[in-house]
Amino acid sequence: MVIDDKAEALENAGLYRRAAARWLEVFDRRVSEKERDWIRQRRNECLRKRVKPPVRVDNFSDVRRAADATQKKMGIARPGGDAFRLKDKRWG
């Protein structure tokens, strides 16, 4: 068994990818095959536990809702975005 405080602290914090990278550094400094095998297992365990962030689909409806709410607060809300259309005097 190999003890590395930094790798173990990362694991306890739930930072499994960083912990796996740290175990790889520790692995490079070991000579004994038994220690290397133990570290390899520990690193693989960290890699299994890592959580990938959920994929978020771009959805601009949230932006539109926020913009609409802001326009209402400012008192410039007009249906169909008329507040931001230039009025051409030639066309009435």
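Me: Leaving aside its neighbours within four places in sequence, which residues is Q71 in contact with?

Reply: Q71 touches I76, A77 and F84, where contact means heavy atoms within 4.5 Å. This is a predicted model, in which local features need pLDDT of at least 70 and side-chain atom pairs count only at pLDDT 80 or more, while totals for chains, interfaces and linings use all residues. Numbering starts from 1 along each chain as its sequence is written, and side-chain values use heavy atoms, leaving out hydrogens and water.

Me: Why is Q71 called buried?

Reply: Its relative accessible area is 17%, and buried means under 20%, exposed over 50%, partly exposed in between (1.4 Å probe, protein chains only). Q71 therefore counts as buried.

Me: And what makes D68 partly exposed?

Reply: D68 has a relative accessible area of 32%, so the label is partly exposed. Both Q71 and D68 lie in helix α4.

Me: Why is α2 called roughly antiparallel to α3?

Reply: Their axes come within 8 Å and cross at roughly 165°. Angles over 145 degrees count as roughly antiparallel, under 35 as roughly parallel, 65 to 115 as roughly perpendicular and the rest as oblique. That makes α2 roughly antiparallel to α3.

Definitions and conventions: Helix = DSSP H or I, 4+ residues; strand = E, 2+ residues; numbered from the N terminus. Axes fitted to C-alpha atoms, helices over the stretch in contact; angles between N-to-C directions.
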